[in-house]
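The following account leads the reader through a structure step by step.

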Amino acid sequence: MSEIAERGYARAEMLVSTDWVAEHLQDPGIRLVESNEDPLLYAAGHVPGAVEVDWTRDLNDPIHRDYLQKDGFEALMSRIGVTPQTTIVFYGDKNNWWATYAAWVFHLFGHENIKIMDGGRLKWSQESRPMTREVPQYPPTTYAAPSRNDSKYRVFRDEVFAHVKLGGKLVDVRSPEEFNGTRLHMENYPNEGALRGGHIPGAKNIPWAKAVDATDGTFLPAWDLQRVYQETAQVGPSDDVIVYCRIGERSSHTWFVLHYLLGYPRVRNYDGSWTEWGNLVGAPIER
Amino acid sequence: MPYPKPLQERLDDLSLFPDRADRIDALVEIGAEYRNFTPEEVPRSAENRVPGCESEVFFAADPQPDGTQKYKFAVDNPQGISAMALAQMLQSLSGQSRRDVADIDEGVVFEIFGRELSMGKSLGLVNMVRMLKAAAS
């Protein structure tokens, strides 16, 4: 894969290479954050100096189907030794699927000073770079977060209804089988309870992983992404775009691609996604 | 109902770590004990593949002269640490009564890893238990 700066991204500075990370391991203005699907991976070995943000324990409310609130976010940021000025570099397993999910949740609290390590854990380990089991301890910080602001990057079902009515652009990042309703869940994943299969009317199907090179987990260059999203899905930078999947994690990866790598100004993630829409009484569905 | 003794002992050991981080460290240690099997020992065939396990896990059960079985999980993904830890624990059931092995509750996955598993990860691990149970049945 070519150098990040040569790939034509709208916001190339949002991605950093494994080389860049290796050169910044001692940089006090940088905090490396690993977010994985597999809860044992971080403990088994991580990039030196990286802390872990666990998507279930740290980002989700334990009772309500919602994300953490201001006080929880402040406590999290304090625990990982981050200030509002800290640049957070996320990386993780599954081609940075969970890393972009964590980055999206951080955006809800206005912490947009983030980067993603291109290729994530896969590329770092493929290059036989150092890993450690030592969990770093950083002095707790005092982090004053704003209240969570969902309006910029998150969307709820009523807004999706209005969006559909207006013929707005939607990108469904699930598999084609989920999109066309022949399957209610990802291949090899269990059904999480959706009663109906199909997709939100008007949505185009671009599975999230089409944005990455599966051999090393890096993002495809902008011209390939444009071909996928603009030519195949007819979704362009002037569109108000809603992305969704099953519970909003895969679609956060596409949110990152559209908003930062392609520079679309208005991209929101519908985290209610198919587990909500597929169960809503009276909600319109296409197959 | 308690699990067969070797597995129950492992679960009892894990119960000594009520703190999630400590338990994860203990599971990583168990995973580190795991040694993979060669393709001759566990053929990487479609029928041996554990469905839903992205860690590329294959399973085989070798019949033993005493009527029991030897259980073998091959984990080909070096990042498949959870699968390795579970494989190590389930392989301790080799030589146990097949009926007892067939009767183990697939919820053992959650006893080991806790409930904070993604749906995808938990299904892959549960399928390892299901293949073991099916072989013992």
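A:Asp172 stands opposite A:Asn205, a residue of strand 7 of chain A. This pair belongs to the predicted model at the place where strand 6 (residues 169-172) of chain A meets strand 7 of chain A, the two strands pairing in the parallel sense over two bridges. Both strands are part of an open sheet of four strands in chain A, which has the order 7-6-8-9 and parallel pairing. Strand 7 (204-205) and strand 9 (267-270) of chain A each have a single partner strand, so one side of each is left without a neighbour in the sheet.

From strand 6 of chain A, the sheet continues to strand 8 of chain A, and four bridges join these two parallel strands. Within this pairing, A:Leu170 has A:Ile242 in strand 8 of chain A as its bridge partner. Strand 8 of chain A is in turn joined to strand 9 of chain A by four bridges, again in the parallel sense. Here A:Val243 finds its bridge partner in A:Asn269 of strand 9 of chain A.

How are the two faces of strand 8 (residues 241-244) of chain A placed, covered or uncovered? Both are covered: A:Val241 and A:Val243 are buried on one side, and A:Ile242 and A:Tyr244 are buried on the other.

One of the residues concerned is A:Arg31, whose bridge partner in strand 4 of chain A is A:Ile88.

The account now turns to the contact between the chains. It takes 16 residues from chain A and 19 residues from chain B. On the side of chain A that touches chain B, the largest share, three residues, comes from helix 2 (residues 41-44) of chain A. By class, this side of chain A has eight nonpolar, three polar and five charged residues.

Helix 2 of chain A also takes part in covering a helix of chain B. That helix, helix 2 (residues 20-33) of chain B, has 14 residues and reaches 20 Å from its first C-alpha to its last, close to the 20 Å expected at 1.5 Å a residue. Its buried residues are B:Arg23, B:Ile24, B:Leu27, B:Val28, B:Ile30 and B:Gly31. These residues lie on the same side of helix 2 of chain B because they cover an arc of only 160° around the axis. On the other side of this helix, B:Ala21 and B:Glu33 are exposed. What covers the buried residues includes, besides helix 2 of chain A, helix 1 (5-14) and helix 3 (81-91) of chain B.

The confidence scores complete the picture. The model scores ipTM 0.80 and pTM 0.88. Chain B averages a pLDDT of 91, and 96% of the residues score at least 70. Within chain B, confidence is highest in strand 2 (residues 69-75) of chain B, at a mean of 97, and lowest in helix 6 (residues 119-136) of chain B, at 87.

Conventions: Residues are numbered from 1 along each chain as its sequence is written. Chains are lettered from A and ligands numbered from 1 in the order in which they are written. This is a predicted model: local features need pLDDT of at least 70, side-chain atom pairs count only at pLDDT 80 or more; totals for chains, interfaces and linings use all residues. pLDDT is the predictor's confidence in each residue, from 0 to 100. Two residues are in contact if their C-beta atoms, placed from the backbone, lie within 7 Å. Ala, Val, Leu, Ile, Met, Phe, Trp, Tyr, Cys and Pro count as nonpolar, Asp, Glu, Lys and Arg as charged, and the others, Gly among them, as polar. The expected span of a helix is 1.5 Å times one less than its number of residues. A residue is buried if 20 or more other C-beta atoms lie within 10 Å of its own, exposed if 12 or fewer, and partly exposed in between; C-beta atoms are placed from the backbone. The arc is that of the directions from the helix axis to the C-beta atoms. Two strands pair if DSSP finds at least two bridges between them.
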